[in-house]
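Welcome! Take a moment to look over the sequence and the structure, and then we will walk through a few points together.

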Amino acid sequence: ANFESQAKTYETVPVTFDQIEPGNYSLQLRYLSGRTLTQNLATSAGILQTTVSLQPNDVVKLEFKQNK
C-alpha cells in the first residue's frame, strides 16, 4: 500500500521470493485502482526478485503461482 496524504509520491517496492523450486512462475498484480498486470518469471536458482511500482494512494495484491 502507498498512502500519501498529498498524492505526490510514487513508490517502487522490492519483492523477493526465496526457497522456491526452480521453474517458471507467473506473478499477477491487481491494483485497487483496477489495473491488472502479469509478469512471467523464471528461476534456476530457487530465488526470484522483482519490483512493484505503486502510484500514490494505491494498493496492490500479488498472486504468485508456479506454471505447471
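Which side chain meets that of lysine 65 in a salt bridge? The partner is glutamate 63, at 3.3 Å from N to O. Please keep in mind that this is a predicted model.

**The charged pair**
- The structure holds one salt bridge, and lysine 65 and glutamate 63 form a salt bridge with their side chains.
- Side chains of opposite charge can pair when their charged atoms come close.
- Lysine 65 counts as partly exposed because its relative accessibility is 46%.
- Glutamate 63 is partly exposed too, with a relative accessible area of 27%.

**The nonpolar core**
- The largest nonpolar core has twelve residues, among them Val15, Phe17, Leu27, Leu41 and Val60.
- Strands S1 (11-18), S2 (23-31) and S4 (47-54) are the elements that each give two or more residues to this core.
- S2 provides the largest share of this core, with four residues.
- Beyond its neighbours within four places in sequence, leucine 27 is in contact with several residues, including Phe17, Leu41, Thr50 and Glu63.

**A buried charge**
- Aspartate 58 sits in the loop between S4 and strand S5 (60-66).
- Aspartate 58 is buried yet has no salt bridge; the nearest side chain of opposite charge, arginine 35, is 4.5 Å away.
- The side chain of aspartate 58 does reach the backbone nitrogen of leucine 32, at 3.4 Å.
- Leaving aside neighbours within four places in sequence, the contacts of aspartate 58 are Ala1, Asn2, Tyr31, Leu32 and Ser33.

Notes:
Residues numbered from 1 in each chain as written. Predicted model: local features only at pLDDT ≥ 70, side-chain atom pairs only at ≥ 80, totals over all residues. Heavy atoms only, no water. Core = buried A, V, L, I, M, F, W, Y, C linked by side-chain atoms within 4.5 Å. Buried < 20%, exposed > 50% of the residue type's maximum accessible area, 1.4 Å probe, protein only. Contact = heavy atoms within 4.5 Å. Salt bridge = Lys/Arg side-chain N within 4 Å of Asp/Glu carboxyl O. Lys, Arg positive; Asp, Glu negative; His and termini not counted. Polar contact = N/O pair within 3.5 Å; in protein donor to acceptor, adjacent residues only side chain to side chain.
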